[in-house]
Amino acid sequence: MSGALKQAAAAVGKATRTPLVRKQAMELTENAALRLANLLTAKNKPYLKIGVRTRGCNGMTYTLNYADLGDKGKFDELVTHEIANTKQIVKVIIDPAALMHVIGTKMDFVSDKLRSEFTFENPNAKGECGCGESFNV
C-alpha cells in the first residue's frame, strides 16, 4: 500500500470514530433531581456535595451539603442530570474520599405520609442498619 493511501485510510479511521461516553459515577432519579433543583434554587447554590463519614450503627453514613463554585475541588467528581421537559441541569459533586464508596449508587427522593427523604441504592454496600441511615462496604 502506498504512503498516500495509508494516510488516507488513517484519516478516514480517525474521522469516523465516535467519542467514548463516560458513565457517571452516580445516578440521580427524576424525583431526586427535581427535589435537588428546588433545594438548590431556594438556597441559591449551584451544587450539592455528597460525601461519606464514619458514623452510625453500621459504619458509614452519607453527608449532603450545599456547595458554592469555590467549594468544587480539583479531584471532585461532577454528576449532572438534565430534568425532563426542562433545560434545567442539576449538578452534584462527589467528594474524592467518598467516590469509591458511592460508585454506581442510585439516589432517589421518596415522600409519603411518614417520611420525606433521599434514599440511596448502593451496589457496593455489604450491609445496612435497620433504619437505613448507615451502611458498610
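Predicted model: local features only at pLDDT ≥ 70, side-chain atom pairs only at ≥ 80, totals over all residues.
Residues are numbered from 1 along each chain as its sequence is written, and side-chain values use heavy atoms, with hydrogens and water left out.

**Aromatic pairs**

- There are two aromatic pairs in the structure, a pair being rings of Phe, Tyr and Trp (its six-membered ring) whose centres lie within 6.5 Å, with planes under 30 degrees apart called stacked, over 60 edge-to-face and the rest tilted.
- One of them is Tyr 62 with Phe 120, a stacked pair with 4.0 Å from centre to centre and 20° between the planes.

**Overall layout**

- The chain has three helices and nine strands; helices (H or I, at least four residues) and strands (E, at least two) are DSSP runs, numbered from the N terminus.
- Reading from the N terminus, the order is α-β-α-β-β-β-β-α-β-β-β-β.
- Of the 137 residues in the chain, 31% are buried.
- Take the contacts with a separation of 6 or more: 51% of them are between residues 24 or more positions apart, a contact being heavy atoms within 4.5 Å.
- The accessible surface of the chain is about 9300 Å², and carbon and sulfur atoms account for 53% of that; such areas come from the Shrake-Rupley method with a 1.4 Å probe, and for residues only the protein chains shown count as cover.

**Nonpolar core**

- The largest nonpolar core has 23 residues, and Leu 36, Val 90, Val 92, Ile 94 and Met 107 touch the most other members; a core here is a set of buried Ala, Val, Leu, Ile, Met, Phe, Trp, Tyr and Cys residues joined through side-chain atoms within 4.5 Å.
- Two or more residues of this core come from each of β1 (26–28), α2, β2, β5, α3, β6 (105–111) and β7 (116–121).
- Helix α2 gives the most to this core, with five residues.
- Leaving out residues up to four places away in sequence, Ile 94 touches Ala 25, Met 26, Ile 50, Asp 76, Glu 77, Val 79, Leu 99 and Val 102.

**Salt bridges**

- Searching the whole structure turns up five salt bridges, each a side-chain nitrogen of Lys or Arg within 4 Å of a carboxyl oxygen of Asp or Glu.
- One of them joins the side chains of Lys 45 and Asp 68, at 3.1 Å from N to O.
- Lys 45 is in the loop between α2 (30–43) and β2 (47–54) and Asp 68 in the loop between β3 (60–67) and β4 (77–82), so this pair ties together parts 23 residues apart in sequence.
- Both ends are partly exposed, Lys 45 at 28% relative accessibility and Asp 68 at 31%.
- Lys 49, Asp 76 and Asp 95 are linked in a network of salt bridges.
- Asp 95 is partly exposed, at 25% relative accessibility.

**Around Asp 76**

- Asp 76 is buried, with a relative accessible area of 9%.
- A polar atom of the Asp 76 side chain lies 2.7 Å from the backbone nitrogen of Gly 73.
- Among the residues that Asp 76 touches, not counting those up to four places away in sequence, are Asp 71, Ile 93, Ile 94 and Pro 96.

**Val 52**

- Val 52 belongs to strand β2 and is partly exposed at 21% relative accessibility.
- Val 52 and Leu 99 are 47 residues apart in sequence, with 8.9 Å between their C-alpha atoms.

Key: Buried < 20%, exposed > 50% of the residue type's maximum accessible area, 1.4 Å probe, protein only. Polar contact = N/O pair within 3.5 Å; in protein donor to acceptor, adjacent residues only side chain to side chain.
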